[in-house]
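Trainee: Could you walk me through this structure, one piece at a time?
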Amino acid sequence: MTPKFTLENLYKSFGDKHVLQGVDLTIYPGESVVIIGGSGTGKSVLLKCLLGLIPADRGSLKMDGKEIIKESAVENEARLKDIGVMFQGSALFDSLKVWENVAFRLINAQHMERKKAKKIALEKLAAVGLTEKVGELFPAEISGGMQRRVALARAIATQPHILFFDEPTSGLDPIFSSVINDLIRKCVNDLGATALTITHDMNSARHVGDRIAMLYGGKIIWCGPAKDIKEADNPYVQQFIQGLSKGPIQLETDVRDVA
């Protein structure tokens, strides 16, 4: 089976800050993979490289066996048509109604007639448990948890075969987090999509992932089935999943002389 994504020895730096330092990862079609790691470890940078928003410095990044690191803007645009993204913090357009947010790509990228796009948007909202009445509201008129549902509905509006989730439960309480996790798993399964989620929420990682990979020091230091992570024989993984202040993971501190 040809992998959906193959990352080999992937590097990305910003000046003297070396973020990705030889990332190796394979993601297969129909698989849900979660990348965990602390803040500033490069999870979002890796996601942006996959989306073509920023170029990797060196290494190999393939989708369906095709190298995409040096793809043209036209090739990137064509590739992104089959990818749905749920952005961190929802990233909804304040000036558009909920249904217009969900239908945004259908109307503006696919040039679909508004009436047809609205019908699809309302169907996707129903799929994440939101009513037509909610569709007529503006994002500021609904809760943060409902905004995440809208963001998920927007991500699946075009029936993509690839889904990216950027910190989907960040800032949500445990109950809403569980709701979003259940919806993500359901939507991925219903679409038969390949999914990549980046998060530091271990409950979310275990729930939505078939496999979990940990990013630390610019590399994937552990990767395995989600069910096996509790028994992972890796001190970095154990410190992270247990939330321990002491261990091999070095916490960045800003110590200043205040004397």
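Mentor: Let us begin with a rule: a charge sits over a ring if NZ of Lys or CZ of Arg is within 6 Å of the ring centre and within 35 degrees of the ring normal. The model is predicted, so local features need pLDDT of at least 70 and side-chain atom pairs count only at pLDDT 80 or more, while totals for chains, interfaces and linings use all residues. Residues are numbered from 1 along each chain as its sequence is written, and side-chain values use heavy atoms, with hydrogens and water left out.

Trainee: Ok, which ring does the charged end of Lys12 sit over?
Mentor: The charged end of Lys12 sits over the ring of Phe14, 5.2 Å from its centre, and the charged end of Arg58 sits over the ring of Tyr11, 3.8 Å from its centre.

Trainee: And how many aromatic pairs are there?
Mentor: There are three, where rings of Phe, Tyr and Trp (its six-membered ring) pair if their centres lie within 6.5 Å, and planes under 30 degrees apart count as stacked, over 60 as edge-to-face and the rest as tilted. One of them is tilted, because the rings of Phe5 and Phe164 have centres 5.9 Å apart and planes at 40°.

Trainee: Where do Phe5 and Phe164 lie?
Mentor: Phe5 is in strand S1 and Phe164 in strand S7 (residues 162–166), 159 residues apart; strands (E, at least two residues) are DSSP runs, numbered from the N terminus.

Trainee: New topic: is Thr6 buried or exposed?
Mentor: Thr6 is buried, with a relative accessible area of 14%, since buried means under 20%, exposed over 50% and partly exposed in between (1.4 Å probe, protein chains only).

Notes:
Helices (H or I, at least four residues) and strands (E, at least two) are DSSP runs, numbered from the N terminus.
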